[in-house]
Amino acid sequence: MELLFVHGALVRDGEWWWQPTADLLRSRTGIRSRAVALPSCGETTPEEVTGGLVADAAALRAALDDVGPAIVVGHSYGGTVIAECGAHPAIEHLLYVSSYLPDVGQAQGMIMSGEPDPVSIGDNGDGTLSVAGYDASSFGARFLQDVDCDTQRHAWARVTSQAASAFMTPTSSAGWRGVDSTYIICGQDRSTSLALQRHHADKATRSVQLPTGHHPFITRPDLIVEQISALSGVGDRRG
């Protein structure tokens with residue numbers, strides 16, 4: 001069993017975001033994991049950025065082609081990438097973290113449009129979008145309030161622009177349908193409302209609520225590893 005992590009919007013360096021959980025997961029269960037590089041966030045080649053959601057879904061499919069049975073974890077926008085990726089024989093389980101299970105025809109921007117306190121996003125005028133009006137402190141307070149200031153600064157350094165087409169392209173598939181899935185509701189999330197999380201959690205096979213902010217794989221990797229262990233059937237190696 002392997003695990004692929006699909007990170008959220010407007011950030012880069014998925015390996016950094018996932019590392020606290022990756023290390024604990026490997027030591028406790030032996031499960032190997034890695035993050036998928038998303039073209040729309042500039043993590044591959046400059047030419048692929050404009051591919052937006054479609055390019056991100058293709059990157060996930062390519063990563064799945066190289067693994068055997070896999071758990072795919074989608075964080076926030078990562079769930080929309082999973083949907084667009086469509087069915088793949090390597091996928092055994094889907095784990096969503098404060099994420100989305102969109103139906104065919106739903107775009108990321110459409111999903112976020114009804115939020116009562118939306119994250120401010122600005123148009124860069126070059127086909128990309130970025131978070132607007134934040135600095136390291138305010139970003140940390142909204143997205144990572146349950147971690148130390150040093151980690152918040154490292155996170156802020158990885159905030160980046162992203163192709164607008166990642167937000168505007170309607171999904172052409174709903175890859176979550178027919179796949180065993182668990183949804184983690186982040187009960188102290190200041191980015192994605194509980195109402196929106198619960199709406200999408202209702203589409204998953206099961207859900208659990210954790211007392212964390214938007215990034216529990218950084219702040220409470222132990223809780224994420226517990227959920228992955230339950231999905232994979234791999235026991236904890238401690239003791």
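Does D13 count as buried, partly exposed or exposed, and what is its relative accessibility? D13 has a relative accessibility of 27% and therefore counts as partly exposed, since that class lies between the limits of 20% and 50%. The model discussed here is predicted. The protein has 10 helices and 9 strands, and 54% of its 239 residues count as buried.

**Overall dimensions**

- The radius of gyration of the protein is 16 Å, which agrees with the value near 18 Å that a compact globule of 239 residues would have.
- Along the principal axes, the C-alpha atoms occupy a box of roughly 55 × 40 × 35 Å.
- Among contacts with a separation of 6 or more, 70% are accounted for by residues 24 or more positions apart.

**Backbone positions with positive phi**

- As a general rule, most residues other than glycine have a negative phi.
- D13, which is not a glycine, has a positive phi of about 65°.
- The position of D13 is in the loop between β1 (2-6) and α1 (14-29).
- S76 is likewise a residue other than glycine with a positive phi, in this case near 50°.
- S76 is located in the loop between β3 (70-75) and α3 (78-85).
- With a relative accessibility of 10%, S76 counts as buried, because the limit for that class is under 20%.
- G233, which follows α10, also has a positive phi, near 75°.

**The largest pocket**

- The largest pocket contains about 480 Å³ of space.
- Its lining comprises 32 residues, of which A9, L10, M112, V119 and I121 are the closest to the centre of the pocket.
- The lining divides into 20 nonpolar residues, 11 polar residues and 1 charged residue.
- At least two lining residues come from each of α4 (108-112), β6 (128-131), α5 (136-143) and α7 (165-168).
- The element that gives the most to the lining is α4, with 3 residues.

- L196 belongs to helix α8, which covers residues 194-201.
- The relative accessibility of L196 is 12%, so this residue counts as buried.
- Apart from neighbours within four places in sequence, L196 is in contact with Y100, I111 and E115.
- L196 and M112 are separated by 84 residues in sequence, whereas their C-alpha atoms are 8.6 Å apart in space.
- M112 is also one of the residues closest to the centre of the largest pocket.

**Helix α10**

- Helix α10 spans residues 221-232 and has 12 residues.
- From its first C-alpha to its last, α10 reaches 16 Å, close to the 16 Å expected at 1.5 Å a residue.
- Because 9 of its 12 residues are buried, α10 is largely enclosed by the rest of the structure.
- The buried residues of α10 are P221, L223, I224, V225, Q227, I228, S229, L231 and S232.

Definitions and conventions. Residues numbered from 1 in each chain as written. Predicted model: local features only at pLDDT ≥ 70, side-chain atom pairs only at ≥ 80, totals over all residues. Heavy atoms only, no water. Helix = DSSP H or I, 4+ residues; strand = E, 2+ residues; numbered from the N terminus. Expected span 1.5 Å × (residues − 1). Buried < 20%, exposed > 50% of the residue type's maximum accessible area, 1.4 Å probe, protein only. 1 Å grid on protein atoms, 1.4 Å probe; cavity = no way out; pocket = protein on both sides within 12 Å on 5 of 7 lines; lining within 4 Å. Points joined across faces, edges and corners; volume = space filled by probe spheres on them. Nonpolar A, V, L, I, M, F, W, Y, C, P; charged D, E, K, R; others polar. Rg over C-alpha atoms; globule rule 2.2 N^0.38 Å. Contact = heavy atoms within 4.5 Å.
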